[in-house]
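Biologist: Let's walk through this one together, a question at a time.

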Amino acid sequence: NGWVGVGFSNDKLMTNSDVVIGFTSGGMSRVYDGYATQRIQPPVDTTENLSGTRVMQADGNTIVVFSRPLDTGDMQDLDLAGECVFLLFAWGGTVTSVDPVNIGYHQANRQASAEKVCFPQCQPPVKITCQSQW
């Protein structure tokens, strides 16, 4: 019963970052697309731009799988085709509600990439599938 998240940020900070959070709780799992406007639980985006989402647990690890277009055209998503970004990672807390989503604070369980990551631009546009394991 916990969650993992990956964020895309211009400055290594949670505020104004595009996030994907996945969790399992009570036999249910969910992955959601969010946008952090403050240093609190990011609300679910107005427009869901993720596909192929799933969450699995194996050997004590939570694995979140998702796909999204590099450029969604959504104001609540960073344009990953047009700019390099820092990756943010956070995990932990408890899931107290699945719908609406309510997850616990990650405490010190957070990290940012040291360098910006650039996603390749491909023609025609393609979706990048990410699988993260903690």
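Modeller: A term to begin with: helices and strands here are DSSP runs, numbered from the N terminus, with helices being H or I over at least four residues and strands being E over at least two. This is a predicted model, in which local features need pLDDT of at least 70, side-chain atom pairs count only at pLDDT 80 or more, and totals for chains, interfaces and linings use all residues. Residues are numbered from 1 along each chain as its sequence is written, and side-chain values use heavy atoms, leaving out hydrogens and water.

Biologist: Fine. In which strand does arginine 68 lie?

Modeller: Arginine 68 is part of a pair that links distant parts of the chain, with aspartate 18 in strand 2 (residues 17-25) at the other end, 50 residues apart. The strand that holds arginine 68 spans residues 61-69. That makes it strand 5.

Biologist: With which residue does arginine 68 form a salt bridge?

Modeller: A salt bridge here is a side-chain nitrogen of Lys or Arg within 4 Å of a carboxyl oxygen of Asp or Glu. By that rule the count comes to 1. In that bridge the closest N and O atoms are 2.6 Å apart, and the partner of arginine 68 is aspartate 18.

Biologist: Is arginine 68 buried or exposed?

Modeller: Buried means under 20% relative accessible area, exposed over 50%, and partly exposed in between, using a 1.4 Å probe and protein chains only. Aspartate 18 comes out at 1%. Arginine 68 has 4%, so by that cut-off it is buried.

Biologist: Which residue's backbone oxygen lies 3.1 Å from a polar atom of the side chain of arginine 68?

Modeller: Start with the side-chain partner: arginine 68 makes a polar contact with the side chain of aspartate 18, at 2.6 Å. A polar contact is a pair of N or O atoms within 3.5 Å; within protein, one must be able to donate a hydrogen and the other to accept it, and residues adjacent in sequence count only if both atoms are side-chain atoms. The backbone oxygen at 3.1 Å belongs to leucine 70.

Biologist: On to the cysteines. How far apart are the sulfur atoms of cysteine 84 and cysteine 118?

Modeller: A disulfide is called when a pair of cysteine sulfur atoms is within 2.5 Å, and the count comes to 1. This pair links distant parts of the chain, 34 residues apart: cysteine 84 is in the loop between strand 5 and strand 6 (86-92), and cysteine 118 in the loop between strand 9 (110-112) and strand 10 (127-133). The link is right-handed, with 100° about the S-S bond. As for the sulfur atoms, they are apart by 1.8 Å.

Biologist: What relative accessibility does cysteine 118 have?

Modeller: Cysteine 84 is partly exposed, at 27%. Cysteine 118 counts as partly exposed too, and its value is 49%.

Biologist: What is the phi of lysine 12, which is not a glycine?

Modeller: Lysine 12 is in the loop between strand 1 (2-9) and strand 2, and asparagine 16 is found in that loop as well. Asparagine 16 has a positive phi near 65°. For lysine 12, phi is positive too, at about 75°.

Biologist: Last one: which element has the lowest mean pLDDT?

Modeller: pLDDT is the predictor's confidence in each residue, from 0 to 100. The protein averages 80, and 84% of the residues score at least 70. Over residues 125-134, pLDDT stays under 50, and where pLDDT is low, the predicted coordinates should not be read in detail. Strand 6 has the highest mean, 89, while the lowest, 46, belongs to strand 10.

Conventions: Contact means heavy atoms within 4.5 Å.
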